[in-house]
Amino acid sequence: MRNWRIIVLTALTVALLHFSGFWVNPFALTRSGDPDFGQRLDRGLIEHDALDEASGIAASRKNPGVLWMHNDSGDQNRLFTLNSDGRHLGVYFVDGVTSCDWEDIALGPGPEEGEEYIYIGDIGDNDAARDVKFIYRVREPAVHPQQAAIDTVLAGAETIAFQYPDGKRDAETLMVDPLTRDIYLISKRENIVHVYRAPYPQSTANVNTLESVATLNMTNVVAGDISPSGLEILVKTYTSIFYWCRTAGQSIAGALSASPVVVPYVVEPQGEAISWDFEGAGYFTTSEELGSVPAHLYYYPRLNATSVGRVNHLPASFQLQQNYPNPFNPVTNINYSLATPAHVKLIVYNVNGRLVDVLVNAEQTAGRYSLELHARGLSSGVYFYRLTLDSLPGSEQVRKLLVLK
């Protein structure tokens with residue numbers, strides 16, 4: 001929620017630092033083996049005028065090059081999509097939920113294997129007045145980073161109601177662990193903030209009581225994100241961004257018990273949003289508009305090739321994405337990802353089960369793949385495409401596509 005004192009202070013800070021063009025935290029710590037992130041890159045203005053109080057940002061892993069964002073309190077129950085250059089791609093209203101004080105957004109796995117979900121944190125509570133708060137979870141749709149802007153509705157959202165174990169709290173940080181599907185919240189206003197966990201599976205029928213799992217010696221925590229690999233954590237305050245590395249098998253709470261590293265950040269007025277990019281190669285930040293100062297999308301790229309960085313560049317799971325565009329004519333794109341090397345078969349067949357085309361039949365290394373399917377030779381109608389990994393029994397995913405001529 002807006003804090004006018006913070007807005008004024010950060011605006012003055014930005015004004016004082018205007019002539020230097022960037023700000024370096026004088027308390028930044030470095031250690032041998034720590035990741036090295038470059039100075040910020042301005043990716044452009046946030047294009048859509050209605051997105052003027054950005055409070056959360058999350059980079060899609062299902063739709064590389066797509067970002068999800070939302071406004072602070074007082075807005076409608078809607079999400080905004082934009083690409084990594086700030087161009088507006090659409091407004092997505094979330095059906096069946098309310099917007100009291102949406103403060104953060106995260107992407108991650110959920111109930112259905114192989115699917116990505118959007119998690120929206122209605123977790124703001126400046127006056128500590130709400131005993132029960134809500135996280136909304138909805139399946140992420142297919143979005144193309146170059147699509148024409150659309151207005152649409154996301155149906156089927158689930159509500160995860162929760163309360164804290166130790167009293168009412170204000171929070172602006174929501175994170176989802178891609179390795180365990182646990183949800184993490186960090187309180188905002190205490191001198192030493194608290195980290196809470198909602199272990200998977202979270203109930204959508206009863207109120208969940210969070211577990212208090214850690215504390216952080218900081219205040220005014222406004223955003224956070226866990227990397228796609230699950231091995232790196234970023235937590236943001238109004239003035240700094242803190243980084244932790246998580247070892248294999250270590251819990252999030254265990255990782256946060258270590259001293260963090262301060263990574264590059266140029267102070268933004270009311271900057272309350274941070275997200276790793278889709279492969280962990282850097283992180284995005286943005287802020288609210290402030291008077292005549294428009295909101296920009298900023299990016300901090302990773303410079304060194306640490307072992308953690310290399311892991312982050314690999315997909316976390318085996319996934320076949322929905323083709324885009326769909327319906328299509330004359331061509332559509334099919335994307336899929338492999339977490340491990342495998343012999344891949346990708347075929348297209350019709351509603352009668354007759355083989356139409358073999359798109360891939362080969363050994364492939366771990367990574368992300370994209371190919372085109374042309375409509376020539378196909379009549380109008382419904383088809384299916386199936387991805388099978390011969391080296392992993394039972395690993396099969398199927399999607400439906402539609403040809404219109």
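**Contacts, strands and rings**

Modeller: Among contacts in the protein between residues at least 6 apart in sequence, 59% join residues at least 24 apart. Please bear in mind that this is a predicted model.

Biologist: How many helices and strands does the protein have?

Modeller: There are 3 helices and 29 strands.

Biologist: And what share of the residues is buried?

Modeller: Of the 405 residues in the protein, 54% are buried. The accessible surface comes to about 16,800 Å², and carbon and sulfur atoms account for 54% of that surface.

Biologist: Let us turn to the aromatic residues. How many aromatic pairs are there?

Modeller: The structure contains 13 aromatic pairs. In one of them, the ring centres of Phe284 and Tyr299 are 4.8 Å apart and the planes meet at 45°, so the pair is tilted.

Biologist: Where do Phe284 and Tyr299 lie?

Modeller: Phe284 belongs to strand β21 (residues 282-286) and Tyr299 to strand β22 (residues 296-301), so the pair ties together parts that are 15 residues apart in sequence. Both Phe284 and Tyr299 are buried.

Biologist: Which charged residue lies over the face of Tyr299?

Modeller: That residue is Arg43, at 5.8 Å from the ring centre of Tyr299. Elsewhere, the charged end of Arg181 sits over the ring of Tyr200, 4.2 Å from its centre.

Biologist: Which residues do ring pairs link into a cluster?

Modeller: The cluster consists of Phe37, Tyr243, Trp276, Tyr283 and Tyr300.

Biologist: Let me stay with Phe37. Is Phe37 buried or exposed?

Modeller: Phe37 has a relative accessible area of 4%, and buried means under 20%, so Phe37 is buried. Phe37 is found in the loop between α1 (4-16) and β1 (41-45).

Biologist: What does Phe37 touch, beyond residues up to four places away in sequence?

Modeller: Phe37 touches Tyr243, Trp276, Tyr283 and Tyr300, and also Val263, Pro264, Gly282, Pro301, Arg302 and Leu303. The C-alpha atoms of Phe37 and Leu303 are separated by 5.3 Å, although these residues are 266 apart along the chain.

Biologist: Now the sheets, please. What is the strand order in the open sheet that includes β2?

Modeller: The order is β2-β3-β4-β5-β9, 5 strands with mixed pairing. Its edge strands, β2 (54-59) and β9 (150-154), each pair on one side only. Neighbouring strands of this sheet are turned by 25° against each other on average, direction ignored.

Biologist: How many bridges join β2 and β3?

Modeller: β2 pairs with strand β3 (residues 66-71) over 5 bridges in the antiparallel sense. Within β3, Trp68 stands opposite Ala58.

Biologist: What about the open sheet that includes β6?

Modeller: That open sheet also has 5 strands, in the order β6-β7-β8-β10-β14, and its pairing is mixed. Its edge strands are β6 (104-109) and β14 (208-209). An antiparallel pairing over 6 bridges joins β6 to strand β7 (residues 116-122), and Ile118 in β7 is the bridge partner of Leu107.

Biologist: Moving on to the hairpin of β25 and β26: which residue there takes a positive phi?

Modeller: Gly353 does, with phi near 85°, and the hairpin has 4 residues between the strands. Strands β25 (residues 342-350) and β26 (residues 355-364) pair in the antiparallel sense over 8 bridges, and His343 stands opposite Glu363 in β26.

Biologist: And Arg354, is that buried or exposed?

Modeller: Arg354 is exposed, with a relative accessible area of 54%. Arg354 sits in the loop between β25 and β26. Apart from neighbours within four places in sequence, Arg354 is in contact with Val348 and Tyr349.

Biologist: One last topic, strand β29. Which side chains point to the buried face?

Modeller: Along β29 (residues 396-403), Gln397, Arg399, Leu401 and Val403 point to one face and are buried.

Biologist: How does β28 run relative to β29?

Modeller: Strand β28 (residues 381-389) and β29 run antiparallel and are joined by 8 bridges. Val382 stands opposite Leu402 in β29.

Note on methods:
Residues numbered from 1 in each chain as written. Predicted model: local features only at pLDDT ≥ 70, side-chain atom pairs only at ≥ 80, totals over all residues. Heavy atoms only, no water. Phe/Tyr/Trp six-rings, centres within 6.5 Å; stacked < 30°, edge-to-face > 60°. Helix = DSSP H or I, 4+ residues; strand = E, 2+ residues; numbered from the N terminus. Buried < 20%, exposed > 50% of the residue type's maximum accessible area, 1.4 Å probe, protein only. Lys NZ or Arg CZ within 6 Å of the ring centre and 35° of its normal. Contact = heavy atoms within 4.5 Å. Areas by Shrake-Rupley, 256 points an atom, 1.4 Å probe, with all protein chains shown as cover. Pairing = 2+ DSSP bridges. Axes fitted to C-alpha atoms, helices over the stretch in contact; angles between N-to-C directions.
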